[in-house]
Amino acid sequence: MREVLLIALYAACGAAAAGVLGATALRLLRHRSVAVSLTVVAATAVTAMLAGTLAVAWAMFLSPHDLTVVTLVIVMAAVVSFATALLLGRWVVARSRELARAARSFGDGGSFAAPGASATAELDALSRELAATSARLAASRERERALESSRRELVAWISHDLRTPLAGLRAMAEALEDGMAAEPERYFRQIRTEVERLNGMVGDLFELSRIHAGALQLTRTRMSVYDLVGDALAGADPLAREHGVRLIGERVDEVPVEVDGKEMTRVLANLLVNAIRRTPADGTVAVAAERGEDGAVVLSVTDGCGGIPEEDLPRVFDTGWRGTAARTPPAGAGLGLAIVRGIVEAHRGSAEVHNVTGGCCFQVRLPVDPVAP
């Protein structure tokens, strides 16, 4: 037993010395190729075996013949180990370079295409992560292009809508200044109307900028949908009377929700104003509120606008969208529905629209109230 322990001690000392040298070499060569590192690892393993063998041979006074045999065996193992390490290192380096070339094209604005050759599990996992990142970046670039296009359209439309009332205000102001206005009171009323319109546009722009900047702060309170719809109908009733449109509330359930009452009132007001202005006289705008099959609260506003072209339905809530027939006052700047979507999504809800017979239906879906019965 004592001899076995001595052999283990001598072998461990020799292997430890080789391990220290190998660790030092790895540290000095840590910035070199993986092929070099694998070669150092193989050399360390062979050297540790040789050092342990020589230490045991010296302690046990092996014959020169036995020592030569053992040394030759170790040398042959070293040759095979070095060759295997070099082949493995070259293969890993080649796969790494292919992955680097693919990642370089991906970084230059293209899409990532994983190398076709097989690689290690780690490199395959890295390829999958890069492919997923490439897909997310492509979607992000597409959203950015769509947003930039929407912003350009918005600037163009806002510029047009601002020039028209400003030109009218200048003309009326000049007429009043020169004493050429036959009915100054009518001019004053028109100026006030135009100023209110401009003020509404500026308010919409400010609200939309808060939404896009993520600065919209919600103050949630528990309230009944019935009260929310009732307040919105009361606020839109004067405009409906002016346009000869009937406002009705149907299937308005007393469902409790936790929302920001001010912001959700604005959502319903925007939907109602939009519906009233596009419904012909003697038409009807209906508001409904009920609990959906999944328990969510669904608010809907149905108008008689005649419907929206199918190709335009995906763009209805885009910033600046007003439809081909809505480019003249009092259509506004096309911000109302974009504000609706922003506020609803801030409540973790969703807004959508679909055509119905004679018009279209806007639906706002709010998440389930966790404390509702």
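A: Accessible areas come from the Shrake-Rupley method with a 1.4 Å probe, and for residues, only the protein chains shown count as cover. On that basis the chain exposes about 22000 Å², of which carbon and sulfur atoms supply 60%. This is a predicted model, in which local features need pLDDT of at least 70, side-chain atom pairs count only at pLDDT 80 or more, and totals for chains, interfaces and linings use all residues. Residues are numbered from 1 along each chain as its sequence is written, and side-chain values use heavy atoms, with hydrogens and water left out. The average pLDDT (the predictor's confidence in each residue, from 0 to 100) is 77, and 80% of the residues score at least 70.

Let's settle on helix 5. The chain has eight helices and seven strands, taken as DSSP runs numbered from the N terminus (H or I, at least four residues, for helices; E, at least two, for strands). Helix 5 covers residues 184-212, and its 29 residues reach 42 Å from the first C-alpha to the last. That is close to the 42 Å expected at 1.5 Å a residue, where the expected span is 1.5 Å times one less than the number of residues. After helix 5 comes Gly214, with a positive phi near 70°.

Which side chains of helix 5 are buried? Buried means under 20% relative accessible area, exposed over 50%, and partly exposed in between (1.4 Å probe, protein chains only). Tyr187, Glu194, Arg197, Leu198, Met201, Glu207, Leu208 and Ile211 are buried in helix 5. For the whole chain of 373 residues, the buried share is 33%.

In soluble globular proteins, nonpolar side chains tend to be buried together.

Now for the charged side chains. A salt bridge here is a side-chain nitrogen of Lys or Arg within 4 Å of a carboxyl oxygen of Asp or Glu, and a search of the whole structure finds four. One of them joins Arg192 and Glu196, with the closest N and O atoms 3.3 Å apart. Both residues lie in helix 5, four residues apart, about one turn of the helix. An α-helix has 3.6 residues a turn, so residues three or four places apart point the same way. Arg192 is exposed at 60% relative accessible area, while Glu196 is partly exposed at 47%.

Another salt bridge links Glu183 with Arg186, where the closest N and O atoms are 3.9 Å apart. Glu183 is partly exposed at 44%, and Arg186 is partly exposed at 45%. Side chains of opposite charge can pair when their charged atoms come close.

Asp237 is partly exposed at 28%, and Arg241 is exposed at 65%.
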